[in-house]
Amino acid sequence: MELERKNGEWIKSGSCDLGLGRIKVRKESVDEEEEPLSPMARIFQQPESNVYIIAMLGFKSPIDPHFLKSNLAHTFLKHSRFSSVQVADEKNGGEVKWVKTKVDLDNHVKIPMVDQHMASPDQFVEDYIANLTNTHISTSIPMWDVHILNLKTCDAESTLVIRVHHSLGDGTSLMSFLISCCRKTSEPDALPSFPAAKKSRPDAGWFWKCWSVLLLAWNTLVDIWMCVATTYFLKDTQTPLKAPSRAVAFTSRRIVRRTFCVDDVKLVKNATNTTVNDVVLAITQAGLSRYLNRKYGKGTGDGESWENNLPNSIRLTATLFISLRSSPGIYAIAKMVKKHSQTEWGNKIGYVLYPFKIALKDNPLDYIRDAKATMDRKKATLEAQFRLFMAKVFVRFYPTKLATFPLTTMWFSNVAGPQEEISLFGNQVTFIAPSLYGQPVALTIHIISYEKKISMVLSVDDNIIPDPYQLCDDFEEALKLIKKTVIIEGLIK
């Protein structure tokens, strides 16, 4: 298939030729002003990291398909990424660019027939999404779609599933865009609010500035070495959580979630003088340790006193994604669709290797101390920036394994959500649950806050992790034990 420009738009003509999964066009077809794909977007197009973002939104009322399509036309289609296809420009050696095209919403809005009286609607929604992860969106149209499930579940009257290829943008871009389409339930004309950005630390003396620079340089060198070592020869332990090879990127995913009260997390945060991110990582480390201990043996007692069945020196590393934007936040649609706007659309992310210390701790607060120490260390490095630099250099000029994601045990991401109840196109949102599929790991954890709740959303290959709800139970129990210890030790301020 070739594209031709008529009346300022690109239209399809001729025979179908998708090449390497992208549309090829004649040399004279591509406008010089069309924007090329970023290096990170190109990484997300690689066969072993052909990643899709999939977000589930629950609503308090059924979804009106016609009303939704009308609003999508005035929001999603106003943004160039949602109305462009990826085109290989043969004039520039096959460089892939974004090219505007005419969008038929009927190709992007899916409305499956559902039995309103089925015995297990929650299981149906979960299975529907699992089946969706077996499929891909045609490259002949903009790579996104939405699925309307007007089916009552335990926490929603209806569910909207939004699927977007990761090359369109990262989680922060897409979440900001989605939330910019929403309004506060309490103030229908007001954009939702996000947690305020942290204030910068006061200036330190010259000695501490020099020490900080030296520490930053040393840590970055060490992390660059670890980056190369992990890519080529330093592998994670083959635990029941780890995929045996990158072939896991081609398998379906089961997406489950567990919700916690944000007040419980903040209670621990304030008592231990840490951050919400530190607490969430501590919960993850404790939960993973409990889960693996059960897999390697059998827990005894009441769940708090366990026989230690863990092997010594388990190496379990997470690829932890970090937004590298200079202007975080959300903006009105008019600002987000404006060319060269300050919203910094795209895949502006780096990542660091985060080592989880798998062990059963006598004192659950040791998980908090481990998480804080590790995150403080990761904040004093340019590892994430170096990863983005590698993507820009190696993907464009010299494709190597360094331009791909390392084969770690899991991926981890933390996204801040709205602080109050919101409505999307007038329908009140009950939950937000983003996740991924197509990644070369068997376990991915997304953390997202919404109103008074924090959700852990797990994307698992259930051939490797057949009991994801047990893992959710372990995370929940970990938070309970940490909170209980905080109260017993009298650390509440």
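Reader: What does the accessible surface of the chain come to, and what share belongs to carbon and sulfur atoms?
Author: This is a predicted model, so the area is computed from predicted coordinates. The accessible surface of the chain comes to about 22700 Å². The share that belongs to carbon and sulfur atoms is 55%.

Reader: What percentage of the residues count as buried?
Author: The chain has 493 residues. A residue is buried when its relative accessible area is under 20%. By that cut-off, the buried share is 53%.

Reader: How many helices and strands does the chain have?
Author: Both kinds of element are present. The chain has 18 strands. The helices number 11.

Reader: What share of the contacts with a separation of 6 or more comes from residues 24 or more positions apart?
Author: Take the contacts in the chain with a separation of 6 or more. Residues 24 or more positions apart account for part of them. That part is 77%.

Reader: Which residues form a nonpolar patch on the surface, and is L215 in a helix or a strand?
Author: The patch has about 760 Å² of accessible area together. Its residues are W206, F207, W208, W211, L214 and L215. L215 is placed in residues 206-232, which is helix α5.

Reader: Why does L215 count as partly exposed?
Author: Partly exposed lies between the buried limit of under 20% and the exposed limit of over 50%. L215 falls between those limits because its relative accessible area is 32%.

Reader: Which backbone oxygen does the side chain of S180 reach?
Author: S180 belongs to helix α4, residues 171-180. S180 is buried, because its relative accessible area is 1%. At 2.5 Å, its side chain reaches the backbone oxygen of F177.

Reader: Which strands pair with β14, and in what sense?
Author: β14 covers residues 410-415, and five of its six residues are buried. Strand β12 (residues 316-323) pairs with β14 in the parallel sense over three bridges. In that pairing, T319 has W411 as its bridge partner. Over six bridges, the parallel partner of β14 is β17.

Reader: Which residue of β17 stands opposite S413?
Author: β17 spans residues 443-450. It is parallel to β14. Opposite S413 stands H446.

Reader: What is the bridge partner of V109 in β8?
Author: β8 covers residues 144-149. It runs parallel to β7, joined by two bridges. The partner of V109 is V146.

Reader: How many salt bridges are there?
Author: Side chains of opposite charge can pair when their charged atoms come close. The cut-off is a side-chain nitrogen of Lys or Arg within 4 Å of a carboxyl oxygen of Asp or Glu. By this rule the count is 22.

Reader: How many residues apart are R254 and D462, whose side chains meet in a salt bridge?
Author: Their N to O distance is 3.1 Å. R254 sits in strand β11 (residues 254-261), and D462 in the loop between β18 (453-460) and α11 (468-488). R254 is buried at 18% relative accessibility, whereas D462 is partly exposed at 27%. The pair links distant parts of the chain, with a separation of 208 residues.

Reader: What covers the buried residues of α6, and which residue follows the helix?
Author: In α6 (residues 262-272), V262, V265, V268, A271 and T272 are buried. Their cover includes β11, α7 (276-296), α9 (365-379), β18 and α11. With a positive phi near 55 degrees, the residue that follows is N273.

Definitions and conventions
Residues numbered from 1 in each chain as written. Predicted model: local features only at pLDDT ≥ 70, side-chain atom pairs only at ≥ 80, totals over all residues. Heavy atoms only, no water. Patch = residues over 30% accessible without salt bridge, like charges linked within 9 Å, V, L, I, M, F, W, Y side chains within 5 Å. Areas by Shrake-Rupley, 256 points an atom, 1.4 Å probe, with all protein chains shown as cover. Helix = DSSP H or I, 4+ residues; strand = E, 2+ residues; numbered from the N terminus. Buried < 20%, exposed > 50% of the residue type's maximum accessible area, 1.4 Å probe, protein only. Contact = heavy atoms within 4.5 Å. Polar contact = N/O pair within 3.5 Å; in protein donor to acceptor, adjacent residues only side chain to side chain. Pairing = 2+ DSSP bridges.
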